[in-house]
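I opened this model to look up a few things. My notes follow in the order I took them.

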Amino acid sequence: MESLGNIILYFVVALVIIVCSVLTVTTRQILRSATYLLFVLFATAIIYFQMDYPFLGAVQIAVYAGGIVVLFVFAILLTHQPGKDAQRIDSTRRILGAVAALLGVAACGFGLFSYANFCGRQLAEAHSWSIEEIGKFLLSTDKFGYLLPFEAVSVLLLACIIGGVVIARRR
Amino acid sequence: MPLSYTIAVIAIPLFMFFFLGLAGVKMGRKLTGWLGVIGMLITTILAYGVALTYFFGTGQGQLAADGARQAVVVFNPDWLSFTKELVVRMGIMLDPIAAMMLIVITTVSMMVHLYSIGYMSDHHGHAEKGYQRYYAFLALFTFSMLGLVVATNLFQIFIFFEMVGVSSYLLIGFYYQSPAAVHASKKAFIVTRLADLFFLLGILILSYYTGTFDFDKLVFGANGANSLEVAQSAISTAGGATFLGCSVTAWALTFIFIGGAGKSAMYPLHIWLPDAMEGPTPVSALIHAATMVVAGVFLVARLFPLYVIEQGAMEIICVVGAFTAFYAAAIACVQSDIKRALAFSTISQIAFMMTSLAVSSADGGLIEIHGGHGLGYMASMFHLFTHAMFKALLFLCAGAIIHAVHSNENSDMHGLHKFMPITSFAFLIGCLAIAGIPPFAGFWSKDEILVACYSKGIGWGIWMSMVAGMTAFYMFRIYFLIFHWKKHEVHTEHAPADQPWTMTLPLIILGLISIIAGFAPAAKLLGWDGKDLHTQLNWTVAGTSVLIACVGIGLAFKMYYKENELPDKLQARFSGLWEAAYRRFYMDELYQFITHKVIFQGICKPIAMFDRGIIDGFFNLLAAATGRAAYGIRRLQNGSIQSYVYVYLVGALALALVTMVCVLI
Amino acid sequence: MMEIFSNILIYFVIVPVLTLLGLALCNNKGIKAIRTVAVVGATALVVLAIYLVYLFLQARGSGDTSEMILRSDVLWYAPFNVKLALGVDGISVVMILLSAFIVFAGVFASWKMNPLPKQFFMWFFLLSTGVFGFFISIDLFTMFMFYEVALIPMYLLIGVWGSGSKNYSAMKLTLMLMGGSAFLMLGLIGIYFHSAADGNLTMNVLEIAKNNAIPHNWQLWLFPLTFVGFGVLGAMFPFHTWSPDGHASAPTAVSMLHAGVLMKLGGYGCFRVAIYLMPFAANELAWIFLTLTGISIVYGAFSACVQTDLKYINAYSSVSHCGMVLFAILMFNTTAMTGAVLQMLSHGLMTALFFALIGMIYGRTHTRDIRDMGGMMHIMPYLGVGYVLAGLASLGLPGLSGFVAEMTIFVGSFEHTDVFRRVLTIAATCSIVITAVYILRVVGKLLFGEVQDEHHRQLTDATWEERLSTATLIVSVAIIGCFPNFFVNIISDSFLPVVKALGTMI
Amino acid sequence: MNLTLLMYLVPSLIMFGCGVYGFLTRKNMIAIMISLELMLNSVDLNFVVFNRYLFPGQMDGMFFTLFAIAIAAAETAVALAIIINVFRVARKVDINELIKLKF
């Protein structure tokens, strides 16, 4: 049995996620869209905290909410063209997209609910991983060690940095 | 003289061809000409030596045990082995007709070589351009023709048939910058080539069934002379195989005759010969009057025993020959171009020879030949000999006239007797000889031909006599038109005159030969089985034929000696007939239609279009279809990420659906 | 492994490769050095080829009656039993001789090749490597490999150094020949998997023929595949259309080598692989291919009659003549097959000569349309005489090679007792008349008659290297024409095994 | 009332559906990127939730999410850099108008 606070928190977060997701893709103002995305990301971070993954939640807020959304906003402002924002999406495109998305959701939902037993699992008690442990795991080569992906991601990031420099360089 | 010297007779012209052809360019023009003449002179002397040794000498295997004059093979190496048995050999064989041909070819060729020194020069005695080429080709032709007559097997004859054809092509097209000459040479080659195709087929069939090309297996008997028994057994090896109701050997022999007919300008393959007159006149004398055109006759004579056995083929030859003789004579009567008239006269005379060969038939016992015991064969060969001499004479005279007046047309000549007396006399001798007036050469040979024809049937005899009369008429028509008719009007600064000695000497020599050649002991030497024929003059036939000839001459005299209205009146009266004969009964137009309209436009063009359009088009279509398909597929790769997502989504949903269905079932 | 270098045959591959490497070392601008290397390479090949003939005659003279001489086997790739198997019989010997002479003449014909002479000669020698490699190998895999090596350079040689619509032609030629290769490869793989009854699969032609293990129903599939595969290269109707365009666009030496040698690969392969290995199917299906090749002969000749481009005329003439090769090969008797090889020799030399002369004329007049030319004999007598000789060889003048080859084919074909083949033979013989028509038409229009274009009067006659190139070919043509028995003796015995094998099928 | 696995998956699913919808309908490239982020986020969430509910003793899902966030950040940064560059050159951000490099 969960604590009531947890449950209320869950409903609030779920509501925020659902509403803001819908708003993100339906609003015509792209800056608003970025803002709604920020709310969604925050809400997700809250779920991570709720799941006892505080580090992950922190990363989510720092990287996503703090980094990516800011990048989006910059990009939006840089490419801002007055009068182009409010362009209407024509209805066939919208309907087609909606149908496709709904079909996808329906298919997945059907899957979800047909495995309701499995999905109805309760939250079990778990060890809350400290940041120190996470750091050790990241840099270890033992079981549950993630050194290789870590290095791979670092190389990727390096490539992205170089790519970014190359792209941004004035010709 | 050893008979093996024949090799030299063949080899010298071949050497001269290469020598003059390759080294001649570096030498002076006159020098090459005289070198050619000297080479030919040596060849002629050797050829005479060899031929006379063959005819009159003994001890070199000329005479078989039974006294027949047999074929002597002096040289016969393998050249190309098709199979173990079927081998083409390049040999040299002397028999009566080969020896006789050696004399004919070298004599005429010698005269032409000498004559050309003068003819191929302009009025100042400067040699024409291409002199070296001319003499090289003459040597090549002489070589080919000599190789043809001494052939030991059918295939060798075919090979040299081709060679003389090419030499003839090259010489007709000697003035290669004149379109008419090029056209004529092309026509000559292609028509004879068509005939050679049949010759080849004939050889293929005959060699397949008899298993050999060699004459000593096909026609020569144990005594080395023509033998009907051997021919009979050669034919019987075919085992009575038939095709379309006729025996295969009859087909083969007919095809071979067609090959000969092409070279010998028998109707309907005669059309190339008149056009061939575009070549230099000495060439016409050598190739298209005396030697190459009788190759067909020679061929039939070579296979004479086979033809005698296969009477079907023989009948065809007879009919073709008789018709051609008349047909060509009729056309010759109206031609205005001196060389063409002579060309048709040649066709007619060769047809005489053919007919004469073809009137023979064998009795059941194969011992003797009907038709005066092979008289036709002898007469034909004899006529070949005499005709070569007087026709060469006539052509060389014509050359002298053309050289003097620079025209081929009768209308530019007229009344030349005063200007060119030697030429005039020489031409007259030639005309008398061809008309068959005794004692000139033509009388003796033509008389025997007529006798042979009468012995086949009275109708054949009358027909041929009539043609003989026409011969006399048209020859004297030409003679009178050129040398008399009316006074000559001198147009150019040079009055026509007898030509330099190099051109006149051959006329005199040939004129003398034309007078005396008739007394050659042909019956003794040219019997079909190598034996003496013991003929004597049939005065009934001879008398009539002389009478007919005189009538012809008289008619020509009446019409053409003095300028008068009669020819024009007759022409107007029978204008249709005259026009048809003048246009050679439209045979050329017919051929033109067949080659250009039917073959060129009707077959070649559509095939070429089919090739470009359908076949090539198909492959291009294949390529285009592949390209189109590629373009079509490329449309899917449109770069719009959203459509990719749609496609992806559809795929994913489909997969999900499939999974679900599978799970449910 | 090393003992293969004691086999003279391998040098037919090594010499062109060395020449190629030597060329690679040359300076791009040093045209003299490039020419020297190319001439040395080509001459070495000619010397080798003549020596090979000598060796062959010596071997046969000393009573060596084995099917192939100078055999050597080196294992190359064990899993598929691929060997570098070398060996020659009379047919390959004369084909090698032919190739060497044409390469030699080709080098001189492309003396003034421009631009990129070095690269041109390199590709040229790569092509020769393929050709020689094909003729010396008796292993299906190496044969196919060298076959491809010979085909691919053609694309660049035409695409880069060609004229006219060269891209189209190069693409068409390569694609069609590659299409043929695709069929061929299927066929070869099929043969490989049925090469032995006991499971010891082999690629060696001689062993496959000895095993004679290909099941009859498989033969019926594999024979058409291989025959068509090689037949495409042999310009068999209806797969001949690459030939006119390809030849028209190719540079002189490439046309020479292509028509002279490469098309012979087709005929040789048809015999060596298709008929030799699958006698049963050859007997069963001969009528189809006889009909096609018979059509080729007459069809090519008729098409040539109305063409106006010199190279098209010769390309169609090649279709006709190469059709004759395949036609004769399908006659299954020694005489006709010998004739086929003679025809390959004859056509190779003669067509090479034709293309060399056409290239030289084109290089001067810059047109190949016979309607725009005339009286060339007057302007360039040497080339004119050469052209007439080539023409006469083509239409079968005795004393030149064409006559010998055609007559051997006709006599051999007519030997066959089958009425169908006889009728086809008669139809094929008609081509000699049509050949005369188109040859004389060209000679009459191009060389004789009046000069059509006054500018042509200034043109010069052949230079020394052109004379050398053409004279080599003319003399070769004349030698075959005058002494055919020399070649017949080399060739004809090589057909005995296959004729025997075919004989047991009837 | 318990918070079951399903209860977390449903919002995630809706978030994903919205991402798909946005991706398919928007024309502005940045808006498309935003939709992409939505989808990524939804997947991250799933990883975490599944990890937490099904294998509470392990942390693979968390690490996956961690890396995914890092990669997503990099990807977004590069993508936006490209978009801005394209905009600088073409003055357009509408993907339907950017067809110069097509084919």
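I began with B:Leu102 and skipped its neighbours within four places in sequence. That left contacts with B:Val9, B:Ala47, B:Val50, B:Ala51, B:Leu146 and B:Val149. The model is predicted, and I keep that in mind throughout.

Next I asked what B:Leu102 belongs to. B:Leu102 and B:Ala392 have the most contacts inside the largest nonpolar core, which has 458 residues. Helix 16 of chain B, residues 370-405, supplies the largest share of this core, 22 residues.

**Helix 3 and helix 4 of chain B**

I stayed with B:Leu102, which sits in helix 3 of chain B and is among the residues that meet helix 4 of chain B. Helix 3 spans residues 96-119 and helix 4 spans residues 131-149. Their axes are 9 Å apart, and the packing angle is about 175 degrees. An angle over 145 degrees counts as roughly antiparallel, so helix 3 of chain B is roughly antiparallel to helix 4 of chain B. From helix 3, I listed residues including B:Met101, B:Ile105 and B:His113. From helix 4, the partners include B:Tyr134, B:Leu138 and B:Leu146. I sorted the contact by class and found 10 nonpolar, four polar and no charged residues.

**Helix 14 and helix 15 of chain B**

Helix 14 of chain B covers residues 311-332, and helix 15 of chain B covers residues 338-358. Their axes come within 7 Å and cross at roughly 155 degrees. Helix 14 and helix 15 of chain B are therefore roughly antiparallel to each other. I recorded their crossing as left-handed. On the helix 14 side I noted residues including B:Met314, B:Gly321 and B:Ala332. On the helix 15 side I noted B:Phe344, B:Ser348 and B:Phe352 among them. This contact divides into 17 nonpolar, five polar and no charged residues.

**Chains**

Which pair of chains shares the most contacts? I found four pairs of chains in contact, and chains A and D share the most. Here 57 residues of chain D are in contact with 69 residues of chain A. On the chain D side, helix 1 (5-25), helix 2 (29-54) and helix 3 (60-90) each give two or more residues. Helix 3 of chain D gives the most, with 20 residues. By class, that side of chain D has 43 nonpolar, 12 polar and two charged residues.

I turned to chains B and C. Their contact takes 36 residues from chain B and 38 residues from chain C. On the chain B side, strand 2 (78-81), helix 5 (154-172), helix 6 (179-210) and helix 25 (587-636) each give two or more residues. Helix 6 of chain B gives the most, with 12 residues. I counted this side of chain B as 25 nonpolar, four polar and seven charged.

Last, I looked for pairs without contact. No contact joins chain A and chain C, and their closest C-alpha atoms lie 37 Å apart. No contact joins chain C and chain D either, with closest C-alpha atoms 22 Å apart.

Definitions and conventions: Residues numbered from 1 in each chain as written. Chains lettered and ligands numbered in written order. Predicted model: local features only at pLDDT ≥ 70, side-chain atom pairs only at ≥ 80, totals over all residues. Contact = placed C-beta atoms within 7 Å. Helix = DSSP H or I, 4+ residues; strand = E, 2+ residues; numbered from the N terminus. Nonpolar A, V, L, I, M, F, W, Y, C, P; charged D, E, K, R; others polar. Core = buried A, V, L, I, M, F, W, Y, C linked by C-beta atoms within 7 Å. Buried ≥ 20, exposed ≤ 12 C-beta atoms within 10 Å, placed from the backbone. Axes fitted to C-alpha atoms, helices over the stretch in contact; angles between N-to-C directions. Parallel < 35°, antiparallel > 145°, perpendicular 65-115°, else oblique. Left-handed = near helix turned anticlockwise from the far one by under 90°.
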